[in-house]
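Biologist: Before I rely on any description of this protein, I should like each term set against its definition. May we proceed in that manner?

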Amino acid sequence: MAKNLTDEQLIHSYQKGDAEAFDELYSRYKNAVYHYFFRQVHNTSAADELHQDVWLRIIKSSTDFKLQSGFKTWLYKIAHNRLIDYYRRSSRQPLHLVHNTIVDINHEPDNKYDDSVNQPSEPDEILQEQQVNQALLTALNSLPDEQKEVFLLHERSGLTLQEIAIITDNSFESSKSRLRYAVKKLRQHMTQYLAVER
Amino acid sequence: MKKQSNNKQDDNFFDDYLEGKSSLSEIYQQIDSAEPSDKLNQSILSAARVSTEQTAITKNSWTQTASWAASVAAISLVGILAHNTWQAEQDAAQTLEEDGLPSLSQPERVLKAKPGKAEMESSMPAGRSAPAHARAKKNVLSNSANDSRKLLYKSAPAPVMPSAPGYFELNKTESLSDKSQVQAFEDAHKEILASPAVEAKKIKQDRFSEQQIMLNKIIQLIDNNKIEQAQKLLFQFKTNYPNYPVDPVILKHLSPY
């Protein structure tokens, strides 16, 4: 029943006390939100903390949700603000300055999440798959935070550029420009692998 | 040239990417499977359930508080309305008194001072509240004012002074045939005018009472079949107060005056 409802209908049901509506909402966005944090802070415990904080804020302030904005935009706006807050509190430098070194292909930070979904059967294929994955993650980590965030929001969370502009408090053109640069750099890093893939 | 070609390739690649045709997306979707742990999921879902339960409890308590508040408000409203109604009745009674209606004890005082005027009796029934009494008097006055427009000779009720009406009620079947009654009427009127409550409006009332008294005298004369005197008095009245309305019945009886 809840599966047929929109995000906005679900959050309204939850406002009225329907806990199952929240379960459905959470199941829809839990992975994307967690991924958004994990790929930016690159730390499992920090990602856990941020993920939990965001959802607790959603729970506490669900009554503040207004129909004018979509639930997804609202959710990621909270996530974005929480991430900025995290950066401020931890006095952490932007990711692209910290992770601009080439990560060794055999070194897998939190590599439990980096396994390929479809396991190749041959050792050569496994190695090649790992190389591609690692190259992409390395390329992603080398992006400036702003570009990486826009890429993650677009690629993993499925947000439109307009929604990303709202979430990040930027103009549409600025968001599009950031995404363009991000894709361009990733392509440059992945040229050989993309050719292989093709 | 080569740079332009690269830019064009980048643009095409970006356009493909936006349309979801890029292999970059395919690779990325395959490699990234970061998920929150089950423990984390459970803690968040539990928090959501606890929150809904607490909200339900808060809502119930709030509903109870609201219903209590509504009850108190309703009771207060009824109290205020009752008080205002009572106050309005008091004010109405006071207004009538200030406009020339004597105090409740006044008719009795008049009657006691002038025992010969036993026909003038207080119309206040025993056990009636002061405001109700005032309202009743006002109604009587209103009725008698209407009656005066239908004044019929011999059977007409005695006119009542509009400015100082109701300090005694006349029996409608009675006529002012007795001079002593007229005298009592005038005395009572003077007494009313002398009272402090009427002092402020005395000039106006005097003027108004004079007109009414003259008309009463005219009626008295008609009553006594002194038509000629009544005609003279009416002529004098019309000379002094040309704009004051005279009952057409009087005019009919005395025409031509």
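This is a predicted model: local features need pLDDT of at least 70, side-chain atom pairs count only at pLDDT 80 or more; totals for chains, interfaces and linings use all residues.

Biologist: How many helices and strands does chain A have?

Modeller: Chain A has ten helices and zero strands; helices (H or I, at least four residues) and strands (E, at least two) are DSSP runs, numbered from the N terminus.

Biologist: What makes the span of helix 6 of chain A agree with expectation?

Modeller: The expected span is 1.5 Å times one less than the number of residues. The 20 residues of helix 6 (residues 123-142) should therefore span 28 Å, and the end C-alpha atoms are 28 Å apart, which agrees.

Biologist: Which residues of helix 6 of chain A are buried?

Modeller: Among them are Val132(A), Leu136(A) and Asn141(A). A residue is buried if 20 or more other C-beta atoms, placed from the backbone, lie within 10 Å of its own. Of the 198 residues of chain A, 32% count as buried.

Biologist: Why is helix 2 of chain A called roughly parallel to helix 4 of chain A?

Modeller: The axes of helix 2 (residues 19-41) and helix 4 (residues 71-90) of chain A come within 11 Å and cross at roughly 25 degrees. Angles under 35 degrees count as roughly parallel, so helix 2 of chain A is roughly parallel to helix 4 of chain A.

Definitions and conventions: Residues are numbered from 1 along each chain as its sequence is written. Chains are lettered from A and ligands numbered from 1 in the order in which they are written. A residue is buried if 20 or more other C-beta atoms lie within 10 Å of its own, exposed if 12 or fewer, and partly exposed in between; C-beta atoms are placed from the backbone. Axes are lines fitted to C-alpha atoms, for helices over the stretch in contact, and angles run from 0 to 180 degrees between N-to-C directions. Angles under 35 degrees count as roughly parallel, over 145 as roughly antiparallel, 65 to 115 as roughly perpendicular and the rest as oblique.
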